[in-house]
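Hi,

Here is the structure I promised to pass on.

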Amino acid sequence: MERVPILKIGDILLVSIQIDMSDQTAVTLQEDLAERIVATGCHGVIIDITALDIVDSFVGRMLSTIASISKVLDAETVVVGMRPAVAITLVELGLSLNGIRTALNVERGMELIAATRDDDLGYDDEPEDAESGTAATSP
């Protein structure tokens, strides 16, 4: 049985699907990913589907399930590399990928996870003045 590799990059797990997903491979991926999220404490999961030419309802449901599992384990999921034909197929199948954010490529996916994490932690773009606790402004 083939396994989908899961790579750790900083605070993010990268899953690059390069094979056709059988039922067993998908179940194994879900289990492996859940275990890696817990073991590493990562807060982001990027699923790269660049290599997938077609997506059926099974793969769509698998992506939704992975996103739900990740969310329960405090990790944001972003799907990257979706081809236009894949997006059209998902819409035509009536699959709304609830809980899944998308980005054009891995770099943008990482930026999206970082921005989401900063928002969740209450960070903003303005540095605070250490003495007054208010946003510092430039003269």
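**The pocket, then the rest**

The largest pocket holds about 150 Å³ of space. On a 1 Å grid over the protein atoms alone, a pocket is an open set of points where a 1.4 Å probe fits, with protein on both sides within 12 Å along at least five of seven lines; the volume is the space filled by probe spheres set on the points. This is a predicted model, with local features needing pLDDT of at least 70, side-chain atom pairs 80 or more, and totals for chains, interfaces and linings using all residues. Residues are numbered from 1 along each chain, and side-chain values use heavy atoms, without hydrogens and water.

Lining residues (an atom within 4 Å of a point) include Gln18, Ile19, Asp20, Met21, Phe58 and Val59. The lining splits into eight nonpolar, one polar and three charged residues, where Asp, Glu, Lys and Arg count as charged, Ala, Val, Leu, Ile, Met, Phe, Trp, Tyr, Cys and Pro as nonpolar, and the others as polar.

As for the fold, the chain runs β-β-α-β-α-β-α-β-α, with four helices and five strands (DSSP runs: H or I, at least four residues; E, at least two). Of its 139 residues, 37% are buried (under 20% relative accessible area, 1.4 Å probe).

Aspartate 74 sits in the loop between α2 (57-72) and β4 (76-80). At 41% relative accessibility, aspartate 74 is partly exposed (between 20% and 50%).

Cheers
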